[in-house]
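Open the model in your viewer and keep the selection tool ready. We will go stop by stop.

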Amino acid sequence: MNAQSRVCTTKAQLEELIMDITCSDLNRQMQQLVSKYKKTGDDRFRIDAEYLRSEFDTWWHDDYAEFLPPTT
């Protein structure tokens, strides 16, 4: 079996990999929420999808291509 591997040798490559994984997961979650909203008409699902997107936007600054995790 020849599985393709993404080896990260720099911080920038690791950040890109994290971004790819996060985007994929975020999109999947948002699609599920929007689907539930369309099926049920329950506005809470739409609001949750919008919230997920806004949270993600605050963590990632496209202008600088830099991941800024939330501070506690």
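Start by selecting Asp43 and Arg46: both sit in helix H2, three residues apart, about one turn of the helix. Helices here are DSSP runs (H or I, at least four residues), and strands are E runs of at least two, numbered from the N terminus.

This is a predicted model: local features need pLDDT of at least 70, side-chain atom pairs count only at pLDDT 80 or more, and totals for chains, interfaces and linings use all residues. Residues are numbered from 1 along each chain as its sequence is written, and side-chain values use heavy atoms, leaving out hydrogens and water.

Show the side chains. Asp43 and Arg46 meet in a salt bridge (2.8 Å, N to O). That term means a side-chain nitrogen of Lys or Arg within 4 Å of a carboxyl oxygen of Asp or Glu. Asp43, Arg46 and Glu50 are linked in a network of salt bridges.

Next, select Arg44 and Asp42. They form a salt bridge, with the closest N and O atoms 2.6 Å apart. Arg44 is exposed, at a relative accessible area of 59%. Exposed means over 50%, buried under 20%, partly exposed in between (1.4 Å probe, protein chains only).

Move to helix H1, residues 11-40. Pick Glu15 and Lys11, four residues apart in H1. Their salt bridge has its closest N and O atoms 3.9 Å apart. Is Glu15 buried or exposed? Glu15 counts as buried, at 19% relative accessibility, whereas Lys11 is exposed at 64%.

Last, color by pLDDT, the predictor's confidence in each residue, from 0 to 100. Confidence is highest in H1, at a mean of 87, and lowest in strand E2 (residues 66-67), at 57.

Notes:
The expected span of a helix is 1.5 Å times one less than its number of residues.
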